[in-house]
Amino acid sequence: MIRLRDITKVFNSGRPSEFTALRGISVDIELSRVTVLKGPSGSGKTTLLSIIGCMSRPTTGRIWISEREVTSLPERFLTGIKRNTFGFVFQQFNLIRGITVLENIMLPAYTSGEEMKDIRKRALELVRLFNLHGKDSSKIEWLSGGEQQRVAIARAMINNPSIIIADEPTAHLDTKLSEEFMGYMEMLKKIGKTIIIASHDPAVYESDIIDRVLNMRDGFLHSEGI
Amino acid sequence: MNRIRNILDFTLSSLLRRKGRNISLIVVYSFVVFILASVIFFTQALRKEASIILRGAPELIVQKVTAGRHDLVPERYIEKIRNIPGVTSVKGRHWGYYFDPIAGANYTIIAVNDPNRLHDINLPDIKKGNIIIGSGISRLRILHTGDSMPFRAYDGTPLYLKVTGLFPSESELVASDIILMTEEDFRALFGTPSGYFTDMTVNIRNPVEIPTIAKKINDLMPDTRPIVRDEILRTYDSVMNWRSGIIMMIFLGALAAFIIFAWDRATGLSAEEKREIGILKAIGWETSDVIMMKFWEGLVVSISSFLTGIILAYIHVFFTSSSLFKPVLMGWSVLYPEFRLTPFIDAYQIVTLFFLVVLPYTIATIVPSWRAATVDPDSVMR
Amino acid sequence: MRKSSFFMIVIIIGIAIMSLLFIHSCVMIKKVERGILLKAEIVKVLGLTDLCIFTEARYTRNPSVADLHTPFQDHPLSLEHFPSGSLIAPSGRLKR
């Protein structure tokens, strides 16, 4: 269970550009389920995702991940937890240009102290899993949008995280590729991964695999349901 | 250690993306190191060799000065100096310069006053009409043992001397342009009156007494100028010293090149680089990982440049006799010694060069990235 | 092969070559010892004062014993001989 209690996030506190992105969010998110954060842009979905994924800290409030409180953990412990618990799929894919698919997938694991050959092995399995055969030594630039999407998901999986977080993953995809993406999410759900997606794309939040939808607006958690 | 190596792998992939740019960077930097190291090797070797070779130079040389100019020394001065306590021997030297219009070169002519000692340096006897020439002259005028060499005496009359010996090629650095002849031939060539010498060499038992004796000589014969061996050696200690014109130009050039690199780096990262650092942080790299990557980036370029530059410099100076410096060193000389220098290396200089080449560049690569590396990964999400 | 391995090997080869050159230096110094001693002996026997490097003018050939006025004798404007003047500082005593 991921528990959030009274999460607020204020940017540029005290300055004229002060902006409150999240206001007192409290919610419990079940593991091994697919949860969607739905809402218009500016509703705070991305901010909430980033806080859940320990990419940034809330201004106030607390978070527990599997009964473990992470908000007050010092930086160095947080990094390890973050690496092994979360995998991110970004809106812009955010792949590194000029290097190969395989290297992009392996990159998050480079700094863990693991041996290259182990990382490589896992990466090659992921290549297979996401149907990227034969492309693993290609440079990212040569791949189609759909292929890049799969690389982004594969990269999120390299450290075998239990929670996948995706921010507007279908924003740059057509219907067919969006369906393909949801297919991959289904696959990950089947192997027990927790998936949290932020999206205002009906192809996502109306998909069959969604277990729960959280509506957000202006930093508030509005309502639930589909 | 896996972490360090993995990060190095990524750094290399990253550098290879802009292969052209990074390879030219290494090439240019290597060239800068090459020039600097070549100058260092050359001057150090020359300096060291000079200090060894010239150790046996006379303790004191005494010249006579008339009307502010160099003049011939009369014989009687020798006796006066010989009587000074502490002086072991005084010898008058006959030597001078001869300009050869055919080759356009200057030769140093030396009259041998002690023919027996020629054996000590593996040279044959000299009789009237014979000369021993240096290897530079042999090369320049294509003269070998048995050939006849024409001279134009002081009075315009031709003088033919036969080459009966050559200085060995190992002696290039000291005897490349020397012609040895008898005193008689010397006078026939230059017309110097008998009873006079070009200058005098004084050998002194105790080196500590040299300045005292020099002063005494000056007191006895005020129209003399004593030259002390110390001053001779100091001349070569400062050969191609960093203060001298051309060398200063080279160092300034190298400094300018370095400042250009550092400026390129210090004016901040490109948007692309910032974005990538953000991505790395977003996928789980910590600030220290990013810094380490930048460290490798600087180290890879600078160490490669250092090794390439210094190896090529050594080969340049000690295997090709500093061929690239030849036009500079040769200047207007027609007779040019082959600088087959002995590779006297000063390890201290090499270590200093290493730190100079690697450290500032690596730091210049890390520092601008520091800011970007500490960025909150959250900002990349947007 | 991993890029880092390749790089390490290149560096090791570089260091190996440097070591070889260092050994070359030591070997050569031993080898030409005789030649250097010969040169030193020539200096002693002939009473030489300078190395034969810059032969373009009289005062550049033996800078240690150069006459103060020789530069002017060559040509009124040849105060400097290029490039020797840029490479070798005037003899210490001339500055006095």
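Biologist: What percentage of the residues of chain C count as buried?

Modeller: Please bear in mind that this is a predicted model. A residue is counted as buried if 20 or more other C-beta atoms lie within 10 Å of its own. Chain C has 96 residues, and the share of them that count as buried is 35%.

Biologist: Which pattern does chain C follow along the sequence?

Modeller: The secondary structure of chain C consists of five helices and zero strands. Among its contacts between residues at least 6 apart in sequence, 33% join residues at least 24 apart. Read along the sequence, the pattern of chain C is α-α-α-α-α.

Biologist: Is the crossing of α11(B) and α1(C) left-handed or right-handed, and how many nonpolar residues does the contact have?

Modeller: The handedness of the crossing of α11(B) and α1(C) is left-handed. On the α11(B) side the contact is made by B:Val300, B:Ile303, B:Leu307, B:Ile310, B:Ile311 and B:Tyr314, which meet C:Phe7, C:Ile11, C:Gly14, C:Ile17, C:Met18 and C:Leu21 of α1(C). Among the residues of this contact, no charged one is found and one is polar, while the number of nonpolar residues is eleven.

Biologist: Which strands of chain A stand at the edges of the open sheet?

Modeller: The four strands of this open sheet in chain A are ordered β2-β1-β4-β5, with antiparallel pairing. An edge strand has a single partner, so one side of it is left without a neighbour in the sheet. In chain A, the strands at the edges are β2 (19-29) and β5 (68-69).

Biologist: In the hairpin of β7(B) and β8(B), which residue takes a positive phi?

Modeller: Strands β7 (residues 148-152) and β8 (residues 158-166) of chain B pair in the antiparallel sense over five bridges. Within this pairing, B:Met149 stands opposite B:Leu161 in β8(B). The hairpin has five residues between the strands, and the residue with a positive phi near 90° is B:Gly156.

How values were computed:
Residues are numbered from 1 along each chain as its sequence is written. Chains are lettered from A and ligands numbered from 1 in the order in which they are written. This is a predicted model: local features need pLDDT of at least 70, side-chain atom pairs count only at pLDDT 80 or more; totals for chains, interfaces and linings use all residues. A crossing is left-handed if the near helix is turned anticlockwise from the far one by less than a right angle, and right-handed if clockwise. Helices (H or I, at least four residues) and strands (E, at least two) are DSSP runs, numbered from the N terminus. Two residues are in contact if their C-beta atoms, placed from the backbone, lie within 7 Å. Ala, Val, Leu, Ile, Met, Phe, Trp, Tyr, Cys and Pro count as nonpolar, Asp, Glu, Lys and Arg as charged, and the others, Gly among them, as polar. A residue is buried if 20 or more other C-beta atoms lie within 10 Å of its own, exposed if 12 or fewer, and partly exposed in between; C-beta atoms are placed from the backbone. Two strands pair if DSSP finds at least two bridges between them.
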